Amino acid sequence: MTAVLEATGISKSFRGLQALRGVDISVEEGQILGIIGANGAGKTTLFNCITGNFPPTSGTVRLDGADVTGQPAHRLAHRGMVRTFQLMRPFHTMTVLENVEIAAMSRGARGGTARREAGETVERTGLGEWADQLSGSLPAAMQKRLELARALAMRPRVLLLDEVLAGLVPAERAPVLDLLENLRDTEGMTMVFIEHIMAAVRRLSDHVVMMDSGAVLATGSADEVLTDPQVVEAYLGKEASDA
Ligand SMILES: Nc1ncnc2c1ncn2[C@@H]1O[C@H](COP(=O)(O)OP(=O)(O)O)[C@@H](O)[C@H]1O
Ligand SMILES: [Mg+2]
């Protein structure tokens, strides 16, 4: 099988700080790759380099085999790759539905089509009863769903998720996990997700990459990585939880 998304030798320096040191990841079509690692390991920076927020200092990003290194986020979105942000960025003075509609319009849907698609996405992400609320007034769990809804409204084939479960209580996580699993299983969506909740990593990941200090420390199945003594020593012993 060929990789839909492949990042090779990704390095990123911020002035003196080397945040990424030659990171390689690769995801095949319809698979979910989980990325774990302590805060500051470089996970979000890897997403930023892959999804066009800023170019890597060195390394190559390939989408469907084409070199897309350094291409801006809107162009990558047109090619089918979309990400969510760890810190949410909705327009707080718009309603939930309007926020999702804007996302649908950003990939070309117009007028009634954009509104209809936005309505479907709002329902699918469990935001139906919040559709007409100002997004700034949403509880945290619903803001997380809005971030996901805005990404899905762009109809990605490749979706990158940065801690979409953070701040959610277990009962709020289950519907999000169900939705992600459903997107893979029924639409063949390819995903990369950064996550600290190990139960979610175990459930969703076809493969796991563990990052430490800007480098990949371990890669393999969830079972292999989560029981790797180096991973337990560097990460799991300290901060991860199944809570
Ligand atoms: N825009 C930036 N400018 C300077 N330093 C940054 C920037 N983004 C991230 N960093 C630094 O890079 C390192 C990795 O951060 P980050 O990728 O956010 O880690 P993670 O998502 O794994 O918690 C940290 O030391 C962080 O302070
Ligand atoms: Mg992060």
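Analyst: The questions below set computed values against the definitions of the terms. This is a predicted model, in which local features need pLDDT of at least 70 and side-chain atom pairs count only at pLDDT 80 or more, while totals for chains, interfaces and linings use all residues. Residues are numbered from 1 along each chain as its sequence is written, chains are lettered from A and ligands numbered from 1 in the order in which they are written, and side-chain values use heavy atoms, with hydrogens and water left out.

User: Why is Gly237 called exposed?

Analyst: A residue is exposed over 50% relative accessible area, buried under 20% and partly exposed in between (1.4 Å probe, protein chains only). Gly237 has a relative accessible area of 61%, and is therefore exposed. Gly237 is found in the segment after helix 9 (229-236); helices (H or I, at least four residues) and strands (E, at least two) are DSSP runs, numbered from the N terminus.

User: What makes strand 7 mostly covered?

Analyst: In strand 7 (residues 158-162), 5 of its 5 residues are buried. Val158, Leu160 and Asp162 lie on one side, and Leu159 and Leu161 on the other. In a regular strand the side chains alternate between the two faces of the sheet.

User: How do you know that strand 7 pairs with strand 8?

Analyst: Two strands pair if DSSP finds at least two bridges between them. Strand 7 and strand 8 (residues 190-194) are joined by 5 bridges and run parallel, with Leu161 opposite Phe193 in strand 8. Strand 6 (residues 81-83) also runs parallel to strand 7, with 3 bridges between them; there, Val82 stands opposite Leu159.

User: What handedness does the β-α-β unit of strand 7, helix 6 and strand 8 have?

Analyst: A crossover is right-handed if, with the strands pointing away from the viewer, the path from the first strand over the helix to the second runs clockwise. The unit of strand 7, helix 6 (residues 170-187) and strand 8 is right-handed.
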